Amino acid sequence: MTGRPRSVSAGAKLARQSRRHKDNRRYQLDGRRTTAEPLTASWQPITDDRADDRAEYGSEDGAEERTPVRSRRRGLFATYGWRVYAVPVLIVVTVLVLLNTSHQPSTGAGTSGVDAAGNGTPTVTEEQATSANAQSGTAVLPVGGAFPQAGAGTWRVLPGSGPIVGKGQVFHYQIAVEDGIDPSVYDGDDAFASTVDAILANPKSWIGSGTIALQRVDASYPNPDFVISLTTPNTDHRPDICGYQIPYESSCWRRSANRVVINVARWVRGALAFNGDLGLYREYAINHEVGHVFGNQHVGCTINGGLAPVMMQQTFGVDDDYVWQLNQTDPTNKFRVPQDGKACRVNAWPYPGGAGYQNGG
């Protein structure tokens with residue numbers, strides 16, 4: 001053989017070129033991976049005309065042109081690989097975590113908690129006004145000075161008389177104290193009598209109507225129209241005096257005996273609705289019970305937030321609903337305050353604006 005170079009056939013050249021071409025295509029975007037080749041996923045989007053072609057296909061209802069849509073999905077996967085599925089899943093999980101966190105009830109001070117069942121429902125509360133009840137309502141006797149629970153069950157008329165006050169029909173009254181009550185409890189006979197006289201002589205009291213007049217008389221006067229009598233609780237509770245159907249200390253008018261009965265427990269301690277103003281309560285107690293003498297019956301609060309009518313049972317309270325509740329315990333009581341949600345302010349006088357002006361009817 002000579003030193004001539006060996007010629008390569010055209011077929012061999014083509015075969016080598018074909019192999020090189022296949023090796024290069026393994027790492028091209030659309031090249032197929034063979035065994036042991038590395039995974040590849042490019043973040044660079046497709047820039048050839050195929051993307052524009054895909055945008056023209058598909059419809060709003062997703063029912064037409066399905067083949068191009070599938071082609072688009074294959075192209076996205078070829079471009080982004082597993083990220084096509086991973087990224088949306090991560091987004092959804094993140095949103096769910098954020099929503100769950102924002103709905104968790106706070107456990108900090110002053111915030112709502114969860115309900116008693118522990119089901120995570122927030123409990124939203126507000127400061128509620130509560131109705132008075134038989135144990136803690138305003139009918140309860142306030143704390144205060146000592147008083148005797150029982151007396152002799154008889155009364156002595158205090159000495160003294162006075163001028164006629166007011167204009168109109170004259171009504172005569174006496175002032176009495178139950179036997180057995182220590183005078184120091186009510187500051188003595190003179191103090192009690194002068195307080196009663198001053199209340200009834202006030203033009204804001206019943207003489208303010210302009211149709212009645214009052215005069216105090218002593219024991220020498222036969223058959224007075226009424227006797228204002230300071231009385232112990234046990235005597236007050238007797239069925240022939242005031243009774244005790246509503247189980248709280250109160251005063252009353254006993255028509256059959258022409259006797260206004262003033263409970264010494266209330267005279268000494270007053271009533272919770274009056275917020276410690278004992279003088280105002282005493283004015284109320286006298287005017288209220290003497291009002292019954294002149295034929296006035298109990299009434300409820302007439303103007304919500306206004307002054308209570310003097311014939312409202314303010315010893316028990318100035319809330320119609322509460323007074324209504326208490327009166328349900330007395331089956332013999334025909335009087336019924338309306339259960340209307342009204343509440344008044346305490347008031348001691350039938351004519352708080354002066355003569356001729358009556359509050360609350």
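C301 and C344 form a disulfide, with 1.9 Å between their sulfur atoms. Keep in mind as you look at this bond that the model is a predicted one. The torsion about the S-S bond of C301 and C344 comes out at about 85 degrees, so this disulfide is right-handed. As for where the two ends sit, C301 is in the loop between helix 8 (278–293) and helix 9 (320–327), while C344 is in the segment after helix 9, so the pair ties together parts that are 43 residues apart in sequence. Is each of these cysteines buried or exposed? C301 is buried, and C344 is too.

How many disulfides turn up when the whole structure is searched? The search finds two. Besides the C301 and C344 pair, there is a disulfide that joins C242 to C252, with an S to S distance of 1.9 Å. Here C242 belongs to the loop between helix 6 (233–236) and strand 6 (252–254), and C252 belongs to strand 6 itself, so this bridge ties together parts that are ten residues apart in sequence.

On accessibility, the cut-off for buried is under 20% relative accessible area. C242 has a relative accessible area of 18%, so C242 is buried. C252 has 12%, so C252 is buried as well.

Rolling a probe the size of a water molecule over the atoms shows where empty space is left. In this model, the largest pocket holds about 810 Å³ of space. Which residues are closest to its centre? Of the 29 residues that line this pocket, those are S251, C252, W253, H292 and H298.

Strand 6 and helix 8 are the elements that give two or more residues to the lining of the largest pocket. Helix 8 provides the largest share of that lining, with six residues.

Notes. Residues are numbered from 1 along each chain as its sequence is written. This is a predicted model: local features need pLDDT of at least 70, side-chain atom pairs count only at pLDDT 80 or more; totals for chains, interfaces and linings use all residues. Side-chain values use heavy atoms; hydrogens and water are left out. A disulfide is a pair of cysteine sulfur atoms within 2.5 Å. Helices (H or I, at least four residues) and strands (E, at least two) are DSSP runs, numbered from the N terminus. Buried means under 20% relative accessible area, exposed over 50%, partly exposed in between (1.4 Å probe, protein chains only). On a 1 Å grid over the protein atoms alone, a cavity is a set of points where a 1.4 Å probe fits but cannot get out, and a pocket is an open set with protein on both sides within 12 Å along at least five of seven lines; lining residues have an atom within 4 Å of a point. Grid points are joined across faces, edges and corners, and a volume is the space filled by probe spheres set on the points.
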